[in-house]
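These are my notes from going through one model, entry by entry. I wrote down what I looked up and what came back.

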Amino acid sequence: MTALTTKSEQKAAAAVEPEDIPLYEARRQIYPQSVHGRYRTIKWIVLAVTLGIYYFLPFVRWDRGPDAPNQAVLIDFPARRFYFFFLEIWPQEFYYVAGLLILAALILFLMNAVAGRVWCGYLCPQTVWTDLFMAVERLIEGDRRERMRADAAPWTLDKFAHKTLKHSIWLLIAWWTGGAWVLYFADAPTLVKELATFQAPAVAYMSIGVLTFTTYALAGHMREQVCTYMCPWPRIQAALTDEYALNVTYCYDRGEPRGSLKKAEVAREKGLPAGDCVDCGQCVAVCPTGVDIRKGMQLPCIQCGLCIDACNTVMDKIGRPRELITYDSEASLEARLAGKPFIQRIIRPRTILYAVLICAAAGLMLTSLIGRSTEGIAAIHDRNPLFVRLSDGSVRNAYTVRLINKKLEQRTFILSAEGVPGASFEVVGDNADGLTVGPDQTREIRVLVTTRDKLTPQASLPITFRIRDKASGLTAAVNDHFIGP
């Protein structure tokens with residue numbers, strides 16, 4: 001059984017029949033009804049902000065100086081750089097990307113500990129694009145009842161025109177979704193011109209095609225199947241949540257026994273138990289995944305809160321208190337059933353731990369970014385041969401040394417070698433006291449280190465290569481070994 005149940009929901013089994021969800025089932029068409037309210041407004045705002053950032057961020061400019069890309073966010077594969085506003089990440093600094101992924105995971109865990117699948121309900125790309133596709137569908141074909149009637153009716157010219165228009169707009173949105181993605185990998189205005197004139201690289205068209213297909217399929221046709229069967233997060237969050245996490249909850253202690261409004265009023269007049277739920281089904285009608293929240297927490301439920309808006313609207317109409325469906329915790333529900341006072345515990349050991357880990361990870365990354373150098377050096381010892389004995393008896397080792405200049409200006413470095421007694425070194429084809437490296441570039445040089453001192457058999461001496469910027473005095477060093485016979 002994949003349905004998620006809690007202790008309180010098990011107690012309500014007599015009033016609510018639980019529903020098992022199979023490991024997989026063929027998709028049944030769901031016709032979500034439009035709804036207005038607090039959570040629907042929040043979702044519209046999140047949709048507008050997130051899609052606005054995604055579609056238009058590649059066109060934001062950021063001045064980095066001459067001969068540097070001026071796109072604010074750019075993944076530059078040819079130059080092997082990642083630009084994010086004032087940050088520039090080099091290939092050897094990929095650990096920052098790993099740090100961001102760790103930070104994102106911890107934030108997701110904290111969100112789950114506080115409010116369950118709030119990520120799924122508001123911020124997940126699948127949710128955002130599905131919301132947009134459903135808005136287009138509702139605009140063209142009408143609300144729930146109109147769409148159901150149209151799908152059940154035979155094909156006509158009008159029905160064909162509406163379906164064609166809807167799918168055309170879906171494909172247009174999906175196409176621009178793929179188009180916006182590739183703009184993060186090249187200068188956006190230039191790539192747009194190349195795409196329009198069919199001069200862009202083939203990989204750009206292929207990427208747009210793949211993302212167009214996946215967006216159209218996932219947001220237009222698969223929808224809730226993705227959330228229920230493809231996404232692993234519902235199962236992961238089930239293991240991470242606890243009784244204090246806020247989830248969209250049907251307060252059955254107040255709603256049961258459910259019945260029509262008239263029957264409930266008659267029951268109350270006779271002093272019999274009567275719940276506030278009038279069994280109108282609006283909570284199910286507005287759910288984008290077709291969940292009946294009155295059956296308890298379930299895997300398909302993305303915790304979007306639309307059922308709360310629908311139920312509050314009904315409660316307003318019949319003059320009953322709002323929040324029959326609300327964000328509530330298992331512990332709160334247990335306390336109400338037992339008639340005990342309860343204070344919601346947002347701050348608890350679990351959330352404190354996640355918050356501390358987030359601060360620690362963010363602090364480490366920030367400290368590293370603030371203190372990172374703008375110069376670097378790397379050295380690779382020749383493998384074949386490891387050393388060469390010269391005619392005068394001295395021993396020579398050869399190294400490939402790479403100088404790194406992360407500034408957007410040309411710099412001159414002085415190279416030195418330390419650690420091997422009596423050693424001398426030379427840079428092949430250049431002067432160690434004046435090694436120039438272009439702006440935001442690296443330079444590879446060959447370095448020969450020779451010593452005439454007698455070495456112990458099979459010696460392996462530590463050697464340090466150090467560079468110093470002539471202008472600023474900033475230094476960087478790398479350690480290697482000097483091998484003897």
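**Lysine 43.** I began with lysine 43, which is found in helix α2, residues 38-56. The model is a predicted one. Is lysine 43 buried or exposed? I read a relative accessible area of 4%, so lysine 43 is buried. I then listed what lysine 43 touches, not counting residues up to four places away in sequence: Gly121, Tyr122, Thr127, Asp131, Cys304 and Leu306.

**Arginine 80.** I went on to arginine 80, whose place is in the loop between β1 (73-76) and β2 (81-84). Its relative accessible area is 58%, so arginine 80 counts as exposed. Leaving aside neighbours within four places in sequence, I found arginine 80 in contact with Ile89, Trp90 and Pro91. I also checked arginine 80 against isoleucine 107: the two are 27 residues apart in sequence, and their C-alpha atoms are 28 Å apart in space.

**Charges over rings.** I looked for charged ends placed over aromatic rings. The charged end of arginine 81 sits over the ring of tryptophan 90, 3.6 Å from the ring centre. I noted another case at tyrosine 244, where the charged end of arginine 345 sits over the ring, 4.7 Å from its centre.

**Aromatic pairs.** How many aromatic pairs are there? I got a count of 20 aromatic pairs. I opened the pair formed by tyrosine 95 and tyrosine 96, which is tilted, with 4.7 Å centre to centre and 45° between the planes. Tyrosine 96 is buried, with a relative accessible area of 5%.

Next I opened the pair of tryptophan 170 and tyrosine 216, which is edge-to-face, with 6.3 Å centre to centre and 65° between the planes. Tryptophan 170 lies in helix α7 (residues 157-182) and tyrosine 216 in helix α9 (residues 202-222), so this pair ties together parts that are 46 residues apart in sequence. I checked burial for both partners: tryptophan 170 is buried at a relative accessible area of 1%, and tyrosine 216 counts as buried at 18% relative accessibility.

**Helix α9.** I recorded 21 residues for α9 and a reach of 28 Å from its first C-alpha to its last, close to the 30 Å expected at 1.5 Å a residue. Which residues of α9 are buried? I listed Ala204, Ile208, Thr212, Thr215, Tyr216, Ala217, Ala219 and Gly220. What covers these buried residues includes α5 (125-141), α7 and α8 (188-196). Just after α9, I noted that arginine 223 takes a positive phi of about 45°.

In soluble globular proteins, nonpolar side chains tend to be buried together. The largest nonpolar core here has 24 residues, and those that touch the most other members are Ile377, Val401, Leu403, Leu415, Ile445, Val447 and Phe465. The elements that give two or more residues to this core are β6 (375-381), β8 (395-405), β9 (411-418), β11 (435-437), β12 (441-451), β13 (460-469) and β14 (475-483). Which element gives the most? I found β8, with four residues.

**The whole chain.** I kept the totals for the end. The secondary structure comes to 17 helices and 14 strands. I read a radius of gyration of 32 Å, well over the 23 Å that the globule rule gives for 485 residues, so the protein is more spread out than a compact globule. Along the principal axes, the C-alpha atoms fill a box of roughly 115 × 60 × 40 Å. Buried residues make up 44% of the 485 residues. Among contacts between residues at least 6 apart in sequence, I found that 69% join residues at least 24 apart.

Key: Residues are numbered from 1 along each chain as its sequence is written. This is a predicted model: local features need pLDDT of at least 70, side-chain atom pairs count only at pLDDT 80 or more; totals for chains, interfaces and linings use all residues. Side-chain values use heavy atoms; hydrogens and water are left out. Rings of Phe, Tyr and Trp (its six-membered ring) pair if their centres lie within 6.5 Å; planes under 30 degrees apart count as stacked, over 60 as edge-to-face and the rest as tilted. Buried means under 20% relative accessible area, exposed over 50%, partly exposed in between (1.4 Å probe, protein chains only). A charge sits over a ring if NZ of Lys or CZ of Arg is within 6 Å of the ring centre and within 35 degrees of the ring normal. A nonpolar core is a set of buried Ala, Val, Leu, Ile, Met, Phe, Trp, Tyr and Cys residues joined through side-chain atoms within 4.5 Å. The expected span of a helix is 1.5 Å times one less than its number of residues. Contact means heavy atoms within 4.5 Å. The radius of gyration is taken over C-alpha atoms; the globule rule is 2.2 Å times the number of residues to the power 0.38.
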